[in-house]
Amino acid sequence: VVSFFHLKKVNDLLMEENATLRNLLINYDKMREEAHAADFFADQLNGIIPCRVLSNSIVLEDNYLLLNKGRSDGIAPQMGVFSAAGVVGIIIEAGEHYATAMSLLHRQTRISAGIANTGFFGTMVRKELDPFHMKIEDIPAHATVEVGDTIVTSGYSNIFPPRIPIGVISQINEPTEGDYFKTLDVDLKNDLSDLTYVYVWGKKENTINRLTE
């Protein structure tokens, strides 16, 4: 019984430990990225803040998540949210102790996403009212892509670090005559209906080092 009631504390400690490890891995990957990614890290001075999901919707036209941390923990609007499996959404509001994130499953979602093994990138948007699939627009017609290729964040924005997993290509929609871009259907790697813990990409001075003091 005592062990059971200590599970929450243990889970919180594991989340903080995972955040520290992810922070180290991302900073290590920085050294292997191209110039635009290195500039991202230099300009943003980012770290990772672990959060618990208090509420989450997936079947509405505009879906949101409520997180258990806010401005006092270093969270602010326009920060990226992801889980161990991949991208989740973007912070749009932050109170003192809680924050609201716009889910990937929102009509206004626009994320710069690329093909992991080629570097071609486009804009990922929601695919109708589908909680398991999205689509990527504006992929150049000449880009070499195959079904099963991995899709990741491109690093060409100040919201997500590069190479956070998003999903895999499930279908390639070739351009129509006179068009210069193709569209990709993507199976999401993350099951957004089953989220308990997430990470917020936040300012370095408010990250895990402070949480463990």
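1. The term stands for a side-chain nitrogen of Lys or Arg within 4 Å of a carboxyl oxygen of Asp or Glu. Lys182 counts as buried, at 4% relative accessibility. For the wording here, buried means under 20% relative accessible area, exposed over 50%, and partly exposed in between (1.4 Å probe, protein chains only).

2. A word on what you're looking at: this is a predicted model, where local features need pLDDT of at least 70, side-chain atom pairs count only at pLDDT 80 or more, and totals for chains, interfaces and linings use all residues. Residues are numbered from 1 along each chain as its sequence is written, and side-chain values use heavy atoms, with hydrogens and water left out.

3. How many salt bridges does the structure hold? There are five. Glu61, Asp62 and Arg107 are linked in a network of them. Glu61 sits in the loop between β1 (46-56) and β2 (62-67), and Arg107 in the loop between β5 (99-106) and β6 (111-115), so the pair ties together parts that are 46 residues apart in sequence. Helices (H or I, at least four residues) and strands (E, at least two) are DSSP runs, numbered from the N terminus.

4. Arg107 also forms a salt bridge with Asp62, and here the closest N and O atoms are 2.6 Å apart. Asp62 lies in strand β2 and Arg107 in the loop between β5 and β6, so this pair ties together parts that are 45 residues apart in sequence.

5. Next, the inside. The largest nonpolar core has 46 residues, and Leu67, Ile91 and Val200 are those with the most contacts inside it. Such a core is a set of buried Ala, Val, Leu, Ile, Met, Phe, Trp, Tyr and Cys residues joined through side-chain atoms within 4.5 Å. Strand β4 (residues 87-94) gives the largest share of this core, five residues. Leaving out residues up to four places away in sequence, Ile91 touches a list of residues including Leu67, Ile75, Met79, Val81, Ala101 and Val200. Contact here means heavy atoms within 4.5 Å.

6. Have a look at the aromatic rings too: a search of the whole structure finds two pairs. One of them is Phe82 with Tyr199, a tilted pair at 5.8 Å centre to centre and 35° between the planes. Phe82 belongs to strand β3 (residues 80-82) and Tyr199 to strand β12 (residues 197-203), so the pair ties together parts that are 117 residues apart in sequence. Phe82 is buried, with a relative accessible area of 0%, and Tyr199 counts as buried as well, at 3%.

7. Phe121 and Tyr156 form a stacked aromatic pair, 4.6 Å centre to centre with 25° between the planes. The pair links distant parts of the chain, 35 residues apart: Phe121 is in strand β7 (residues 121-126), and Tyr156 is in the loop between β9 (150-153) and β10 (165-173). Phe121 is partly exposed at 38% relative accessible area, and so is Tyr156 at 45%. As for the cut-offs, rings of Phe, Tyr and Trp (its six-membered ring) pair if their centres lie within 6.5 Å; planes under 30 degrees apart count as stacked, over 60 as edge-to-face and the rest as tilted.

8. Where does β6 sit? Five of its five residues are buried, so β6 is largely enclosed by the rest of the structure. In a regular strand the side chains alternate between the two faces of the sheet. Both faces of β6 are covered, with Ile111, Ala113 and Ile115 buried on one side and Ser112 and Gly114 buried on the other.

9. Strands pair if DSSP finds at least two bridges between them. Ile111 has Met124 in β7 as its bridge partner, and Ala113 stands opposite Thr153 in β9. β6 and β7 form a hairpin with five residues between them, and Gly119 in the turn has a positive phi of about 90°.
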